[in-house]
Amino acid sequence: MEKSKGNALALLPLILFMAIYLGGGILLNDFYAMSVLVPGIIAAVVAIFMNRKKGFNNSLETFCKGAGHLDIILMVFIFILAGIFAQVAKSMGAVEATVNLGLTVIPSNILVAGIFVISAFIAISLGTSMGTIAAVAPIAVEIAAKTGLATPLIVGAVVGGAMFGDNLSMISDTTIAATKTQGCEMKDKFKTNFKVVLPAAIIAIIVYIVLGNGAQVASASYDYNLIKVIPYLGILVAALLGVNVIMVLTGGIVLASGIGFLTNSLTINTFLDSVSSGISGMSETIIIALLIGGIVNVVKENGGIDFILNLITSRIKTKTGAELGIGALVGIVDACTANNTIAIVTVGPIAKNISNKYGLESTRIAGILDMFSCAMQGVIPYGAQLLSAAAIASVSPIEIMKYLFYPYLMGICAVIFITVFKSRSKASVLKKELA
């Protein structure tokens, strides 16, 4: 019985990680002063040593299994490919050409909003926020450099758009996990989800138009070679065709390097240097992803996740409370695991039980699981999305957080959806479907 209730003390490594990371930056008034790896390694050591009953060797094994989990290794592989693609594309002039094309075509006063919309479109097509950030963030950084826009602002628009698309995409892991655990159709979940998040997207676009209105773009024409834009167009086309993100990024690297050699923008030496620096640029992000994966597995093994699950589910009394509880549950688990897919898979079966008990609509619950997890994933500074965006832009994740209007608004809209637009009974839903 005690085991099922979980263990609050097991959450100590994650609490320590956040306290040192955020506290250090606030005290030093500089979030660059301390690498995220410092609190990461401290939290990892605490996690491994804190459970004396299981012993050091067992805890170390649990940590290593978490760090080597399929999802973590896949994430690391995406980081590597993303780093290579970003650097090769930059070295052969793809970023410069795309930026100049964008500055020529998109009015300066809607550049930031335009980046948000482009990111959202690519993410819906790709089904992944990570692949979208890898493709668009380098372009956004160069646009910021040429227009005087704040880099965290425009990168925040990239992350926001990526989370919008990731939440709605039919091929996203989160959509698949949410619908499968709740037993509903993806198209039904999309319809429900879209109505809720559209106001958040519209408000975010308006805010980005207002904040990006000060962009200073020189009136002179910008030179660009259309052939060098092809790597990004290739990624977009592949995304629309539903190609796996690994294949998309690999194809992008091949395409960028091939065009680079064809246009004499790359040599063997510069290509190899780009590959090396691209991987090196993601090294800190890769290491912290491995550390977080290990820490989370130890926390879960020691009962930390069970404690959170039981804490919230024991307080559910009404339908509205049930839906808010499910939202809070998946959000907190996401904050602890730093992975929205894992959060949905973890909470999904529990949400299904709650749904059955209170007669909730499966499509609403699938949407709630996806919205709350994506909202949380889009704003946590140690999440893969912010870490990779910050690495590409050479800024602190904390600096980007204040410009993440869409994830914050998505969370607010999700709460309004639950509290204002009440759930119908399963009987009334079935009656409507049969009519």
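Guide: Gladly! Helices are DSSP runs of H or I with at least four residues, strands are runs of E with at least two, and both are numbered from the N terminus. The model is predicted, so local features need pLDDT of at least 70 and side-chain atom pairs pLDDT 80 or more, while totals for chains, interfaces and linings use all residues. Residues are numbered from 1 along each chain as its sequence is written, and side-chain values use heavy atoms, leaving out hydrogens and water.

Visitor: Which helix gives the most to the lining of the largest cavity?

Guide: A cavity is a set of points on a 1 Å grid over the protein atoms alone where a 1.4 Å probe fits but cannot get out, and lining residues have an atom within 4 Å of a point. Here, helix 15 gives the most, with three residues. Helix 5 (70-91) and helix 20 (384-393) also give two or more residues to this lining. The lining includes I72, M75, A289, N339 and Y382.

Visitor: What is the volume of the largest cavity?

Guide: A volume is the space filled by probe spheres set on the points, which are joined across faces, edges and corners. For the largest cavity, the volume is about 80 Å³. The whole structure holds two cavities of 30 Å³ or more.

Visitor: At what angle do helix 5 and helix 15 pack?

Guide: Angles run from 0 to 180 degrees between N-to-C directions, and axes are lines fitted to C-alpha atoms, for helices over the stretch in contact. This pair packs at about 170°, with axes 10 Å apart. Helix 5 and helix 15 are therefore roughly antiparallel, a term for angles over 145 degrees. Contact means heavy atoms within 4.5 Å; I72, M75 and F79 of helix 5 are among the residues that make this one, as are T285 and A289 of helix 15.

Visitor: And how do helix 16 and helix 17 pack?

Guide: Helix 16 (residues 304-313) and helix 17 (residues 319-337) pack at about 165°, their axes 10 Å apart. They too are therefore roughly antiparallel to each other.

How values were computed
Parallel < 35°, antiparallel > 145°, perpendicular 65-115°, else oblique. 1 Å grid on protein atoms, 1.4 Å probe; cavity = no way out; pocket = protein on both sides within 12 Å on 5 of 7 lines; lining within 4 Å.
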